[in-house]
Amino acid sequence: MMASKTKLSSLRILFATSEIAPWVKTGGLGDVASALPPALAQAGCDVKVLTPAYPAIRSAFPKAMPWLEVPVLAPQLPSARLLRAGELAKGAELILLDCPAMYERHGNPYADSHGHAWSDNSLRFGLLSRVAHWLSGPGQIPDWQPDILHCNDWHTALAPAFRALLGGGAPTVITVHNLAFTGLFAYDALHALGLPAHSFRYDGVEFHGQLSFLKSGLQFADQITTVSPTYAQEIQTPEFGCGLEGLLHFRANALTGILNGIDETVWDPSLDTHVPLPYSVDALEGKASNKAALQKRLGFEINPDVPLLGMVSRLTHQKGSDLILETADRLIAEGCQLAILGTGERRLEKAFSDLTHRHAHKCMVLIGYDEALAHQIEAGADIFLMPSLFEPCGLNQMYSLRYGTPPVVRRTGGLADTVVNLSPDTLADGSANGFVFDAPDAASLLDAVQRAVAAYRNPTIWRQLQRHGMETHFGWNNAAERYISVYQRALKN
């Protein structure tokens with residue numbers, strides 16, 4: 001039965017996620033989980049966000065109150081309880097899945113402090129998926145019945161399979177933030193999680209002889225979304241599909257690409273308390289002061305004419321870190337300064353540290369994460385580097401555009417959807433806002449950066465690029481409306 005118009009205007013959404021910024025974050029999922037539910041609430045939805053009670057989030061919400069007891073839901077899943085932590089925003093409430101044996105650990109949500117994945121991740125996130133499914137069923141939440149269960153990435157992707165195979169629960173939507181992480185586990189996990197043996201087949205939860213959480217969600221969810229329109233097309237191809245392109249192509253009618261937004265109150269150069277001097281599109285001269293402050297902080301020559309290249313990123317192959325390393329010596333020799341902030345693969349961290357030692361006072365790579373410094377790099381750099389080999393959405397290119405720091409990006413995923421390459425045509429029609437290259441190699445990146453530096457030396461062109469980027473809005477309102485449309489389609493199904 002099709003839901004009424006009144007019901008659709010006030011949908012009740014249970015949003016299940018393995019992380020939520022700023023308390024627990026390893027990538028873009030954490031940012032989306034903290035921003036999309038409040039945007040949905042502002043659009044008229046009633047939202048509850050379910051996430052594990054990790055130590056960091058328990059510390060952030062010490063007054064979280066016991067709410068519901070969760071029974072044993074599968075042979076090897078422990079009992080748990082749910083805590084009400086309070087409002088993220090009006091109309092969006094945070095619910096914590098409290099199970100110390102599963103979630104009270106040091107390290108990030110998926111691995112220990114040495115980077116080794118927890119051996120029981122199938123149980124940890126099987127529990128999260130199973131509780132999400134259980135909680136979305138009738139009568140579990142007093143006076144509140146979810147219309148939609150919104151799952152995110154592999155960590156909650158078993159919930160649609162539980163609904164299809166065990167029955168009950170609300171219609172499901174799954175968002176793929178990064179298809180490269182599929183949640184693969186041995187066959188034994190099937191029984192431990194309470195999944196029927198007959199589900200272990202090609203049109204069920206099986207993927208190349210293993211149980212795949214993400215494949216299960218893609219198989220059984222009512223609707224599938226990705227975090228940009230281009231990425232939704234890319235993952236239907238062998239190059240980006242991670243072996244799931246056939247299933248995604250088969251389910252193309254249920255697949256929608258929705259570009260992520262950014263929090264425009266946090267990422268606003270005119271209001272930013274992290275930067276030495278806030279500035280705006282109508283007062284861009286303030287950006288020069290932020291550049292000088294960043295040069296001073298990093299021990300660089302304070303010179304407004306030297307192009308300062310910035311990057312805030314995970315130091316991984318996927319993010320194009322190897323391409324940066326291949327071009328850095330040449331760019332510095334050509335007169336650029338380089339400021340990089342990030343953590344990642346040990347070999348890359350060492351290579352970037354060596355780069356700093358080779359180019360004292362011209363290159364600084366800071367291994368770690370510093371929120372204030374991330375803002376200062378966005379504000380103080382002239383050009384932002386984001387040469388990802390693939391990028392489902394990307395957020396830093398949108399931050400850079402807002403801060404008048406034209407980005408250099410590879411044409412992939414959300415980067416292709418947000419950055420318009422400077423050319424005579426795009427300069428004439430006013431759409432240009434950055435620099436785009438295609439081939440995933442160092443020569444193409446070097447050419448794009450050299451084009452950016454040449455444009456930087458033309459103040460008229462550069463100011464036009466800055467203004468166009470800063471005047472573009474990337475807030476969550478449009479994305480929230482598109483998600484509501486997806487929820488409506490799930491309910492019709």
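In the hairpin formed by S4 and S5, two residues lie between the strands, and glycine 91 adopts a positive phi near 90°. The structure is a predicted model, in which local features need pLDDT of at least 70 and side-chain atom pairs count only at pLDDT 80 or more, while totals for chains, interfaces and linings use all residues. Residues are numbered from 1 along each chain as its sequence is written, and side-chain values use heavy atoms, with hydrogens and water left out.

Helices (H or I, at least four residues) and strands (E, at least two) are DSSP runs numbered from the N terminus, and two strands pair if DSSP finds at least two bridges between them. Strand S4 (residues 80-89) is joined to strand S5 (residues 92-98) by seven bridges, and the two run antiparallel. Within this pairing, leucine 82 has leucine 97 of S5 as its bridge partner. S4 is also joined to strand S3 (residues 65-70), by five bridges and again in the antiparallel sense. Here methionine 65 is the bridge partner of arginine 84 in S4.

An open sheet of six strands has the order S15-S14-S13-S16-S17-S18, with parallel pairing. Strand S15 (363-367) and strand S18 (435-437) are at the edges and have a single partner strand each, so one side of each is left without a neighbour in the sheet. On average, neighbouring strands of this sheet are turned by 20° against each other, direction ignored. Strand S16 (residues 383-386) pairs with strand S17 (residues 407-410) in the parallel sense over three bridges, and leucine 385 stands opposite valine 408 in S17.

In a regular strand the side chains alternate between the two faces of the sheet. Both faces of S17 are covered, with Pro407 and Val409 on one side and Val408 and Arg410 on the other, all of them buried (under 20% relative accessible area, with a 1.4 Å probe and protein chains only).

Angles run from 0 to 180 degrees between N-to-C directions, and axes are lines fitted to C-alpha atoms, for helices over the stretch in contact. Helix H13 (residues 346-358) lies across strand S14 (337-342) and S15, running at about 145° to S15. Helix H14 (residues 371-380) touches strand S13 (308-312), S14, S15 and S16, and its direction makes about 145° with that of S13.

A further open sheet has three strands in the order S8-S10-S9, with antiparallel pairing. Its edge strands, S8 (184-185) and S9 (206-207), each pair on one side only. Two bridges join S8 to strand S10 (residues 210-212), and phenylalanine 185 has leucine 211 of S10 as its bridge partner. Helix H8 (residues 213-220) lies across S8, S9 and S10, at about 60° to S10.

The second largest pocket is lined by 18 residues, of which Ala288, Pro304, Asp382, Tyr456 and Trp462 lie nearest its centre. Helix H11 (285-298) and helix H19 (459-470) are the elements that give two or more residues to this lining, and H11 provides the largest share, six residues. A pocket is an open set of points on a 1 Å grid over the protein atoms alone, where a 1.4 Å probe fits and protein lies on both sides within 12 Å along at least five of seven lines; lining residues have an atom within 4 Å of a point.

Terms used. Contact = heavy atoms within 4.5 Å. Buried < 20%, exposed > 50% of the residue type's maximum accessible area, 1.4 Å probe, protein only.
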